[in-house]
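Keep the picture open while you read, and look up each residue as it comes along.

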Amino acid sequence: LLRSLWAALRFPFRTPPDVVHVHTSHRFSFYRASFYVLFAAHVWRRPVILHVHGSSFDEFVETDDAAVRRLQSLVFAASDRIVVLSEYWREVLADRVPEGKIRVVPNAVDPGEYDPGFRDDPPHVVFVSNLIERKGVPELLSAIEALEDRDVEFRVTIAGKGPLSGAVEDLAARHENVEYRGYVSEAEKRALLESGTVFVLPAHAEGLPIAMLEGMAGGNAIVSTTVGSIPEVVDERSGILIEPGDVEGLTDAIGELIASPERTERMARRNRELIEAKYSWARATDRLEEMYTECGDALAAPGA
């Protein structure tokens, strides 16, 4: 909080840029971003791009709090462009923001950082994320326990830290084919994803999860949930989606893929191609540069 206040106090004294690009999420992140949007638009009179992230921004926009809705309206009105992660998030803002302001720019990864293997024997199930309930960790642990009773061979690697680290450690201690890595570096994460065949993210809420895109870049089939932008990325050719909280569905989905190596490999190869075609940083950069040019042209226009 103190760092945020210090940054806000210093902001008015810097040289105004040509375009201000503000990233935001829900609740405190939005309140903090509001200052930068409103100051840049009304004091500096510079074009503002508001870039919306956050797994719960849809709930935040639908708030019944009149003061919060008023602040949201002021910020949306002051923004020249509003960037969302997918068509789902465009629809979330459609009733609050003019269509012409909204631009879709998905999250992105660098596929060149990954050298996927596409297949492992036995099949390798990977989870890399924060170990919190919202990421579906309790359901994942229950699904792994259930799969241990089935006649299938597989191994599991879980990486990340959080309040549920202890539960993951306990699971790994009971099963030889389950490994808990804890926190991993970027290089370790990439190597882990490259060795995986099925990336699992049974999340309860998401925007467009970068961890999932990284799993796809690393050559994995996907098991995830029907939340946020995920259904726009993952279809039956890329993986299997379930409803959040559905332990039985999660167990069946993972079991189905580890029992079908050829099908899983086809999904993994398609996911790698999809990342290169639609979710690479090169594509995202092109879209951002287009917006900067649009806003810069508007600023330079006579009478602006």
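Where does P122 lie? You'll find P122 in the loop between strand 4 (102-104) and strand 5 (124-128).

## Before we start

What you see is a predicted model, so local features need pLDDT of at least 70, side-chain atom pairs count only at pLDDT 80 or more, and totals for chains, interfaces and linings use all residues. Residues are numbered from 1 along each chain as its sequence is written, and side-chain values use heavy atoms, with hydrogens and water left out.

A few words will keep coming back. Helices (H or I, at least four residues) and strands (E, at least two) are DSSP runs, numbered from the N terminus. "Buried" means under 20% relative accessible area, "exposed" means over 50%, and "partly exposed" is in between (1.4 Å probe, protein chains only).

F118 is not a glycine, yet it has a positive phi of about 70 degrees. With a relative accessible area of 13%, F118 is buried.

R27 has a positive phi too, near 50 degrees, and again this is a residue other than glycine. Look for R27 in the loop between strand 1 (20-24) and helix 2. At 49% relative accessibility, R27 counts as partly exposed.

## A strand tucked inside

Now find strand 2 (residues 48-52). Here 5 of the 5 residues are buried, so the strand is largely enclosed by the rest of the structure. In a regular strand, side chains alternate between the two faces of the sheet. Strand 2 is covered on both faces: V48, L50 and V52 are buried on one side, and I49 and H51 on the other.

Strand 2 has a partner as well. Strand 1 and strand 2 pair in the parallel sense over 5 bridges (strands pair if DSSP finds at least two bridges between them). Within this pairing, H23 has H51 of strand 2 as its bridge partner.

## The greasy middle

A nonpolar core is a set of buried Ala, Val, Leu, Ile, Met, Phe, Trp, Tyr and Cys residues joined through side-chain atoms within 4.5 Å. The largest one here has 85 residues, and those with the most contacts inside it are F57, L93, I158, M212, L213, V233 and I254. Helix 2 (residues 28-42) gives the most to this core, with 7 residues.

What does L93 touch, if you skip residues up to four places away in sequence? The list is F57, V61, F76, I82, V84 and I102, where a contact means heavy atoms within 4.5 Å. Another core, of 9 residues, lies apart from the largest one, with I49, V83, A284 and C295 among its members.

## Greasy on the outside, too

L1, L2, L5, F28 and Y31 form a nonpolar patch on the surface, with about 580 Å² of accessible area together. Patches are made of residues with over 30% relative accessible area and no salt bridge; like charges are joined within 9 Å, and nonpolar side chains (Val, Leu, Ile, Met, Phe, Trp, Tyr) within 5 Å. The areas come from the Shrake-Rupley method with a 1.4 Å probe, and for residues only the protein chains shown count as cover.

Helix 1 (2-10) and helix 2 each supply at least two residues of the patch. Y31 sits in helix 2 and is partly exposed, with a relative accessible area of 37%.

## Charged pairs

Side chains of opposite charge can pair when their charged atoms come close. A salt bridge is a side-chain nitrogen of Lys or Arg within 4 Å of a carboxyl oxygen of Asp or Glu, and the whole structure has 20 of them. In one, E87 meets R90, with the closest N and O atoms 3.0 Å apart. These two are 3 residues apart in helix 5 (residues 87-93), so about one helical turn separates them. E87 is partly exposed, at 37%, whereas R90 is buried, at 18%.

E214 and K189 form another salt bridge (2.9 Å, N to O). This pair links distant parts of the chain, with E214 in helix 9 (residues 210-217) and K189 in helix 8 (residues 186-195), 25 residues apart. Both E214 and K189 are buried. They also belong to a network of salt bridges that links E113, E186, K189, R190 and E214.
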